[in-house]
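Good morning, and thank you for coming.

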Amino acid sequence: MKGFAKQVDLSRYLNIRKENYFAASHVVFFRIFRYSVKIMVPQAGACLSYARKNNFRMKIRQTGALVHLILIVLLLQLFSCHQNRKPDTAKEEEKLVDSLDMRYRDFLLDHLTKQELEDKSIVRKKRNELLQKAYFVRSPYNPIYLAYAYMLEDRLDSIPIVLHALEGRPLNPDQAVLKDYFMIRADFSFDEMTNVTLMKKLIDAKEFAAKNKSTFTFLFYNLLSNANYRRGDYRQALRDIESWYFYHPERADPRVSQVYQEVKFMQYMALRDFAKLKGSLDSCRHYARLTGDTATIMRMYDLQSQYYYSINDNKRAVEASRAYFDYLRSSRALNAYAFANLAKNFMNNQQIDSAIKYFNAGLRFIKENKIKHNTLFYYQNLQAAYALKGDYERAYFSLDSAFRGYKNNATRMEWEKMNDINTKYETEKKDQAIKLLKTTNAFSHKIMVQQRWIFVILLALVFSLAFFIYFRNKQKLLQNINQRIMAENKQLILEQKTRQNQLNPHFIYNAIANLQGLISSEQKAKANQYLLLLSRQIRDILELNREDYISLEQEIKSLHNYILLQQMRYQDVFDFEIKTGDLDLDNVMIPPMLIQPFVENAIEHAFKNLSHKGQLRISFREDDEQLHITVSDNGWGVQMHTEQVKHKTSLSQTITRERLELLFAEAEARARIEITPNYNEDKSGYKVDIYIPLVLF
């Protein structure tokens, strides 16, 4: 019977036998409390209240206070090396750690949201500054900062080595996301197609970041957009850059919006969606002006040249590309892409000599500045340019140079792979040595812990024997206390039954008076019917009051029978309605005769001398794991209540409240009664709301 109150045999838990006295003396009050909470019976709750009032538990503690104190002191001394910090100090340190982690994270977020850093050594400088702090040295952000510095310095091969220190360490979601990002960034290339394995890692890392609502989720969408663009999936790349902008923490910044529109421009151009290409270009120029950055504004010339190229306006494409090239040259910010774009536009405009000039200039620029750049594009276009000019010898040499460049790149890539394999081997070798050392330390620590536990067990056995001898002499005293508790428990049970029965004589008196009135008026048929209903009601009272709880269906039947009795007495004075909603009437339990006093007050006093027909409404519904009972009427309200009526109402409320306090004293949701007089707009009516914990059969 789940959740249903029943009598508890306390003697089962309080009876102290000689052979198990030691164990029972320790658990007796714990079991009383546990079973009282579990089944919520008023008897066990009252017993526990009595125990609290008489300081029973305090007496038990006082009798063995000296022995318990000695045991606690020895145990604290034994584990003192693990208890150096107080709880309050630990909480303060935890708050400080969270605050520092937040500062380290915000610094990274501030710089990762920027597309370009003027001083790429700023992260390394910040890390060197923070290394003066003891916490940062052992913080996960230490290797993360170093990985970021390596990324800015284009030392991507070193990133996995430094992040390997985070393996097996507890990381918060943002730290785990940053670790995944830099590990993927070490293998990611913005100029080459991303392989399937890296794409899977990238997608998994993005989903993890989104699931944990990390602020750094936008970083993965940037990589995904570039990877899908290189793979030729331009529509997915467009969706990824839109997600990047959505998750970006600084999307209100015009610089971020400008970058977003610029990437969309490139993707619309790849999709050859010329309808949206012009609008995207206009948005780029708008946000570029908002940034106020000269470099960004001038870069719009490069986008214009690409737009003009897409609509076959090669002349204007050359003009825009030349303007951007001149700006880069004057600001000493030339790059290999600027030479390639200008030369390609000259070639499209049939200015072959100019195209050859800038292709060769670009190759010299790459060689002089020792830039790692794919020269295959230059040599292929030079071959095509010389062929258009009719200089097939130089066209051949350009093609041969392209082949030799491709071969050198392949050789370099093979050498880099071999170097990576060698580095990974050395790293794994060191990791194995560290792992072996950790295993040795763990084994030594395990032996030391086992020795401590052996000592603790022996110490516990000694003190258990001492406790047994000590409490054995107190057996007689506890047996007397046990008998006294049982007697008080029975007394409390009788008091509870007495309080329930206080409601019944008043009802029977009124019922007999009603019957006498019918007989006096010689309404024999109604009197017989009334007597039949009254006998059923008395039978219900006698039978239901024996139980602590009855089903809601039984309570409603009893209420229905009682209201029919009153309707026979007050003909055409009131109607009634009982609503139960979707409650399971057979399984929901309720204390007997809980609602009848409030229904009686409504019928006897609310509808007296009423000019209109009364309406009595009773509803039962579940509300936040509580049974919500409402009894309302449209009668006079409190304005017709005399002092005698108020006294009766107050008495029934007091008795009901006392019953609820006894029945549900240990429940998490406390039972209560709320009275709302004159709740209608015309200041009439009376409403009673009763809330009790939902008890199921």
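**The chain as a whole**

The chain contains 28 helices and 8 strands. Please bear in mind that this is a predicted model. Of its 697 residues, 41% count as buried. Among contacts between residues at least 6 apart in sequence, 67% join residues at least 24 apart.

There is also a record to mention. The UniProt annotation "transmembrane region", from an unreviewed entry, covers residues 63-80 and 453-471. In the model, residues 453-471 are 100% helix and 0% strand. The C-alpha atoms at the ends of residues 453-471 are 26 Å apart.

**Two helix pairs**

Let me turn to how helices pack. Two packed helices are described by the angle between their axes and the distance between the axes.

I begin with helix α16, residues 274-291, and helix α17, residues 294-310. Their axes come within 9 Å and cross at roughly 170°. An angle over 145 degrees counts as roughly antiparallel, and α16 and α17 are therefore roughly antiparallel to each other. Which residues make this contact? On the α16 side they are Phe274, Leu277, Lys278, Leu281, Cys284, Arg285, Ala288, Arg289 and Thr291. On the α17 side they are Thr296, Ile297, Met300, Leu303, Gln304, Tyr307 and Ser310. Sorted by class, the contact of α16 with α17 has 9 nonpolar, 4 polar and 3 charged residues.

The next pair is helix α26, residues 552-569, with helix α27, residues 596-606. Here the axes are 11 Å apart, and the helices pack at an angle of about 15°. Since angles under 35 degrees count as roughly parallel, that makes α26 roughly parallel to α27. The crossing of α26 past α27 is right-handed. From α26, the residues Leu559, Tyr562, Ile563, Gln566 and Arg569 meet Gln596, Val599, Glu600, Ile603 and Glu604 of α27. By class, the contact of α26 with α27 has 5 nonpolar, 2 polar and 3 charged residues.

**Inside helix α27**

How many of the residues of α27 are buried? The count is 11 of its 11 residues, and α27 is described as mostly covered. Its buried residues include Glu600, Glu604 and His605, as well as Val599, Ala602 and Ile603.

Phe598 is a residue of helix α27. Is Phe598 buried or exposed? Its relative accessibility is 4%, so Phe598 counts as buried. Leaving aside neighbours within four places in sequence, Phe598 is in contact with Val631, Gln653, Thr656, Ile673, Val688 and Ile690. Val688 is 90 residues away from Phe598 along the chain, and the C-alpha atoms of these two residues are separated by 7.6 Å.

Ser257 lies in helix α15, residues 254-271. Because its relative accessible area is 4%, Ser257 is buried. When residues up to four places away in sequence are not counted, Ser257 touches Tyr245, Arg251 and Tyr287.

Glu577, by contrast, belongs to a strand, β2, which spans residues 574-579. With a relative accessible area of 34%, Glu577 is partly exposed. Residues up to four places away in sequence being set aside, Glu577 touches Leu616, Arg617 and Ile618. Of these, Leu616 is 39 residues from Glu577 along the chain, and the C-alpha atoms of the two are separated by 6.3 Å.

I close with the backbone. Most residues other than glycine have a negative phi, and most peptide bonds are trans.

Lys213 has a positive phi of about 55° although it is not a glycine. Where is Lys213 placed? Lys213 sits in the loop between α12, residues 196-211, and α13, residues 217-231. At 76% relative accessibility, Lys213 counts as exposed.

Asp572 is not a glycine either, and its phi is positive at about 55°. Asp572 counts as exposed, at 68% relative accessibility.

Thank you for your attention.

Definitions and conventions. Residues numbered from 1 in each chain as written. Predicted model: local features only at pLDDT ≥ 70, side-chain atom pairs only at ≥ 80, totals over all residues. Heavy atoms only, no water. Axes fitted to C-alpha atoms, helices over the stretch in contact; angles between N-to-C directions. Helix = DSSP H or I, 4+ residues; strand = E, 2+ residues; numbered from the N terminus. Parallel < 35°, antiparallel > 145°, perpendicular 65-115°, else oblique. Left-handed = near helix turned anticlockwise from the far one by under 90°. Contact = heavy atoms within 4.5 Å. Nonpolar A, V, L, I, M, F, W, Y, C, P; charged D, E, K, R; others polar. UniProt positions renumbered as here; feature names shortened; annotations may be inferred. Buried < 20%, exposed > 50% of the residue type's maximum accessible area, 1.4 Å probe, protein only.
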